[in-house]
Amino acid sequence: MIEKVKEIEQRFKEQFEKISSLKELDELRIKYLGKKGEITGLLKKIKDIPPEERKEFGRAVNALKVEIQELIQAARAKLEKAEKAGKLDLTLPGKPVIAGKKHPLIKVVEELVEVAVGLGFEIVDGPEIEWEYYNFEALNIPEYHPSRDMWSTLFITDKMLLRTHTSPVQIRTMENRKPPLKVFHPGRVYRKDPFDASHAPAFFQAEGLYVDKNVSFADLKATLEMFTRELFGPKTKIRFLPSYFPFTEPSTEVLVNWGEGWLEILGAGMVHPRVFEAVGYDPEEWTGYAFGLGPDRIAMIKYGIDDIRLFYENDLRLIGEL
Ligand code: PHE
């Protein structure tokens with residue numbers, strides 16, 4: 001009886017070699033493994049085999065069954081792949097490719113840079129990890145002064161911190177250059193603030209600094225007016241409110257009229273004489289203005305986004321991808 005198993009195996013292999021389509025493969029499967037198939041027939045015969053041979057016979061039939069199943073399965077995978085490839089339809093429309101788009105914050109920062117360059121500012125850079133000296137001390141914010149509380153600071157060591165504003169770049173630039181100068185610096189800043197609808201622990205700022213002889217508050221006003229008109233349109237109304245910053249005197253806050261109300265988008269003022277002293281400029285000779293814009297705020301106003309967290313959550317709907 002064991003010869004019969006060998007014979008079937010032989011026959012299967014011969015036929016299996018010749019298979020070239022899924023249909024043929026399926027026919028072969030039915031012929032051997034189907035209800036009336038050869039293997040099934042052998043299995044049915046087990047009970048008629050004399051007990052001494054039964055074990056060996058059963059084992060051989062089952063081994064063959066498994067072998068055939070495996071061969072068929074492997075062949076099916078191969079044939080399916082081949083048939084699929086053969087059916088490649090070049091006339092089908094392609095899958096849409098998602099092209100990258102700029103994040104609204106980056107768009108605003110780039111726009112700010114463009115306006116600044118148009119107004120004659122040179123773009124400069126500075127580090128995000130900063131010395132306490134540049135972030136505070138040199139900006140006329142001594143250690144004991146309560147105005148330090150205006151910036152909830154993430155300290156790294158006693159003397160090192162994550163900059164809370166872009167103003168340290170004022171100091172770094174002036175330390176390295178002789179006046180006159182007109183520079184602009186966009187970058188990221190950090191604060192120990194809760195992440196809520198209007199606060200983020202990391203956000204953008206952009207700093208402008210102009211130092212020359214006889215710079216007046218009127219120059220600052222004109223520059224900021226031009227900035228806001230470029231950003232929000234020629235008819236935009238802005239409002240200057242008196243404010244306080246230790247490194248500018250006098251200081252102002254600028255609000256822009258948008259929708260229902262007035263929204264603060266920047267702080268500014270005339271460079272404080274103490275700041276000039278810290279960098280070795282003679283305050284009797286040099287004058288200047290400085291301002292700090294908030295790109296996150298500006299982007300929220302321009303694009304009607306009411307929660308700052310959306311900028312940092314990677315939701316593709318924000319850039320109009322979905
Ligand atoms: N650095 C200030 C802030 O973060 C903004 C500012 C910049 C004010 C320059 C005046 C001049 O609030």
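The buried residues of helix α1 are V5, I8, F12 and F16, where buried means under 20% relative accessible area and exposed over 50%, with a 1.4 Å probe and protein chains only. They sit on the same side of α1 because they cover an arc of only 65° around the axis, taken from the directions from the helix axis to the C-beta atoms. On the other side, E3, K6, Q10 and E17 are exposed. The buried set packs against α2 (22–33), α3 (38–45) and α4 (51–86), with contact meaning heavy atoms within 4.5 Å.

This is a predicted model, with local features needing pLDDT of at least 70 and side-chain atom pairs pLDDT 80 or more, while totals for chains, interfaces and linings use all residues. Residues are numbered from 1 along each chain, and side-chain values use heavy atoms, leaving out hydrogens and water.

Now the pockets. A pocket is an open set of points on a 1 Å grid over the protein atoms alone, where a 1.4 Å probe fits, with protein on both sides within 12 Å along at least five of seven lines; lining residues have an atom within 4 Å of a point.

| Largest | about 920 Å³ | β9, 6 residues |

Of the 37 residues lining the largest pocket, R191, F203, Q205, E264 and R297 are the closest to its centre. As for the second largest pocket, its lining is F16, E17, I19, L71, A74, A75, K78 and L79. Both α1 and α4 give two or more residues to that lining.

Definitions and conventions
Helix = DSSP H or I, 4+ residues; strand = E, 2+ residues; numbered from the N terminus. Points joined across faces, edges and corners; volume = space filled by probe spheres on them.
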